[in-house]
Amino acid sequence: EVEQSEVLARIQARHLDRNAKEQKRKTTLDAEQKKAGESVEQFSRKLLERKRNVEAKIESASSVGSDELPSFFQEITCEIFAMQRFAAECTFFLPPYEVRQARQIVASLQQSASKHKSELMPRKKFRFRRRHAHNKKPTKPTAGDDAKTSVTQSAESTSLVETTMHTIDSKKDVELKLKEDDIRHKNIKFSSLSNSKVWALFPTNTIRLTDLDKTTIYVGPVSGPVYIERCTGCTFFLPCRQLRVHEAKDCSFYLNVMSKPIIENCKGIRVGRYNVTYPTLKKELDNTGFAKGTNCFDQVCDFNWLRDQQSPNWSIVKPEEQAAPQTFA
């Protein structure tokens, strides 16, 4: 009986210890998710607050003196610009509906600001002074002129999210070397690429990669997050602050990442150290605030695996399978 009670006590102790470790693991994952700032509710609340502030300013424009109106509307434009950057930088974790809503809000504010500005600060019409005795009948504006005016006004209200987003979509069997002016300090979105290679070796703000197949991506330092979804058989070379991967299969990641990479609903993920070099890389890493010696590439958090044992969904690339160092001029 004594031996039986001791066995039961040991079993109970192991059970309690296992539960404690699983709870600790879950707490760690929750902390990582919170650290990544992935709160859709928080984003919506902040965006709504900014929207109300801008709307209040636009409505108060009629009480501003005419001499102060130019700087007043410039301030409104800057606030809308800040909203667009905020929305663009959060796209890596926002659902598509929230992204569309954010763009609609920004576009609506731009149109409202443009309308109030045109009412309170109408442009003076240019007219030729009469120098000759003979007169000519004034030309009436044509439908084409009205169309041009409409296009111009529409262009002025173009969403800044588009101007700060560099997009590549639906390409197959291509090799693309992006230019510095196209991507430096912008947000990048690649989608529906197949059997392709893309080089983006300049600093960027955020990167979103979706629906890639057998494609290799080389990028320079990303000051914000990288979000990857539904990719198969791809290879990524990424120096970034945060990495979140959804529904990827049989992909290799060569990383220099400052926080623990997060994967969810993934299989066959392999990770290794970022091994790309080019002349300006070191300076760009320093300028974007990458901490020296900090690389969490091998500390992957699998949100579908709460046990203490190694997740079967990811592994470290074996030395013999490591991609050769990549050096670009």
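**Notes on the predicted model**

1. Starting with the overall picture: the protein chain has eight helices and 15 strands. Keep in mind that this is a predicted model. Of the 329 residues in the protein chain, 39% are buried. The chain exposes about 20400 Å², and 50% of that comes from carbon and sulfur atoms. If you look at contacts with a separation of 6 or more, 44% of them are between residues 24 or more positions apart.

2. On the helical side, have a look at H2 (residues 40–59) and H4 (residues 96–120), which pack with their axes 10 Å apart and at an angle of about 10°. That angle makes H2 roughly parallel to H4, because anything under 35 degrees counts as such. H2 brings Val 40, Phe 43, Ser 44, Leu 47, Lys 51, Val 54, Glu 55, Ile 58 and Glu 59 to the contact. From H4 come Glu 98, Ala 102, Ile 105, Leu 109, Ser 112, Ala 113 and His 116. Sorted by type, the residues of this contact are nine nonpolar, three polar and four charged.

3. Next, strand E5 (residues 206–210). Five of its five residues are buried, so the strand is largely enclosed by the rest of the structure. Both faces are covered: one side carries Thr 206, Arg 208 and Thr 210, the other Ile 207 and Leu 209, and all of them are buried. Note that Arg 208 is on that buried list.

4. What does E5 pair with? Strand E3 (residues 187–194) is one of its partners, in the parallel sense and over five bridges. In that pairing, Phe 190 stands opposite Leu 209 of E5. Strand E7 (residues 222–229) also runs parallel to E5, joined to it by four bridges. Here the Arg 208 mentioned above stands opposite Tyr 227 in E7.

5. Beyond its neighbours within four places in sequence, Gly 272 is in contact with Phe 253, Tyr 254, Leu 255, Phe 297 and Val 317. The C-alpha atom of Gly 272 is 7.9 Å from that of Ser 252, a residue 20 places away along the chain.

6. Leaving out residues up to four places away in sequence, Asn 275 touches Phe 237, Tyr 254, Gln 322, Ala 323, Ala 324, Pro 325 and Gln 326.

7. Last, two backbone angles to check by eye. Most residues other than glycine have a negative phi. Asp 250, however, has a positive phi near 55°; this residue is in the loop between strand E8 (235–246) and strand E9 (252–257). Asn 265 also has a positive phi, about 55°, without being a glycine, and it sits in the loop between strand E10 (262–264) and E11. How exposed are these two? Asp 250 is partly exposed, at a relative accessible area of 46%. For Asn 265 the relative accessible area is 46%, which means partly exposed here too.

Definitions and conventions:
Residues numbered from 1 in each chain as written. Predicted model: local features only at pLDDT ≥ 70, side-chain atom pairs only at ≥ 80, totals over all residues. Heavy atoms only, no water. Contact = heavy atoms within 4.5 Å. Buried < 20%, exposed > 50% of the residue type's maximum accessible area, 1.4 Å probe, protein only. Helix = DSSP H or I, 4+ residues; strand = E, 2+ residues; numbered from the N terminus. Pairing = 2+ DSSP bridges. Areas by Shrake-Rupley, 256 points an atom, 1.4 Å probe, with all protein chains shown as cover. Axes fitted to C-alpha atoms, helices over the stretch in contact; angles between N-to-C directions. Parallel < 35°, antiparallel > 145°, perpendicular 65-115°, else oblique. Nonpolar A, V, L, I, M, F, W, Y, C, P; charged D, E, K, R; others polar.
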